[in-house]
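Let's take a friendly walk through one protein chain. Have a look at the picture first, and then read on.

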Amino acid sequence: MADAGADYAERMPETFSATAAVELAVVERSGFVESRHTGSAVVLAPDGTVLAAHGDPASAVLPRSTLKPLQALACVTAGAALEGERLGLATASHAGTERHVTVVRSILEDAGCTEDDLGCPPAWPADTATRDEMVRDHATRSRIRMNCSGKHAAMLLACRATGWDTDGYLDPAHPLQQHIREVVERLTGERPQAIAIDGCGAPVPALTLTGLARALHRMGTSSERSPFALHRSAATLMSAVRENPWTIDGPGRPDTVIIERTGVFTKTGAEGLVVVVAPDGTTAAVKMLDGSSRATATVGLRLLERAGALATSDADAARRDLSLAIHGGDAIVGVIRPTV
């Protein structure tokens, strides 16, 4: 009898292999290269053409939270009334501060929903000070503190606006998820190679890294004066995040820091993903094969530097506020640095 497990392994979709990956960053400690991060990356020029490719960006990845700008855009085009801070929170992997959850609650209220309607799992906030305060108050994990709650609230609001049932809104067959898939296909120019379930419970399509970069590039180069509603909404979303950088991540956290210091739209995703879009439209997407995110931001900045879309002084200003130092006792003895 054939081994069903072995047969599934042969058919299971997967990302690029270790042999296809290239070194993107190293960890130096006391002048010794202690670790290496390998992966794939792609850079698109302002006109959308490929400027540089590293590793295998034509292979599929699960975009995880780097998909949130597309999901938020789909919610808007489905009728969700979102702008400013609320639109930023719809795009966010937020830190769960009181400021963040206050905005999420406002979206839920407009949807006629409560925290219990959120399909994301309960979680502690990523913000340490907020978590410490909750512990002192004997509070517990909650759905609204989960970093994806803004996206889920926006999905519920879109369902209410369109008349779709909010029950089962995370089912891949639900009309909302079908609409999101249509927007993803339109912006990436690809059909998903597979559909997985993200950590928050929402469907996440397998796309090529190049397709993901293409989608964010199209959003980043859209105009609010476009004759097409999709592109007008995309431009509004990108502006909302740049004008409210605290929404997409949190104080002192990578995406917020980079947007504040450089004006580069940045969205990090789990398992070593990041997409960065410079003001001129130059776009880079990175996937670390080992799933680590500690070097993704600095690699993304370096790729924009090399493309001439970001001044080194601005990139360095952002790096100083990122967690890139390697410590030995009380001293800094090394750094995480890009090698592309």
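## A covered strand and its partners

Strand E9 (residues 273-277) is mostly covered, with 5 of its 5 residues buried. This is a predicted model, so keep in mind that buried here means under 20% relative accessible area. In a regular strand, side chains alternate between the two faces of the sheet. Which residues of E9 are on each side? Leu 273, Val 275 and Val 277 lie on one side, Val 274 and Val 276 lie on the other, and all are buried.

Now for two loop residues. Thr 97 sits between helix H3 (84-90) and helix H4 (98-110). Its relative accessibility is 12%, so Thr 97 counts as buried. Beyond its neighbours within four places in sequence, Thr 97 is in contact with Asp 127, Thr 130 and Arg 145.

Asn 244 is found in the loop between helix H9 (229-243) and helix H10 (245-248). A polar atom of the Asn 244 side chain is 2.9 Å from the backbone oxygen of Ala 240.

Finally, how confident is the prediction? The chain has a mean pLDDT of 96. Over residues 4-9, however, the pLDDT is below 50. Where pLDDT is low, the predicted coordinates should not be read in detail.

How values were computed
Residues numbered from 1 in each chain as written. Predicted model: local features only at pLDDT ≥ 70, side-chain atom pairs only at ≥ 80, totals over all residues. Heavy atoms only, no water. Helix = DSSP H or I, 4+ residues; strand = E, 2+ residues; numbered from the N terminus. Buried < 20%, exposed > 50% of the residue type's maximum accessible area, 1.4 Å probe, protein only. Contact = heavy atoms within 4.5 Å. Polar contact = N/O pair within 3.5 Å; in protein donor to acceptor, adjacent residues only side chain to side chain. pLDDT = per-residue confidence, 0-100.
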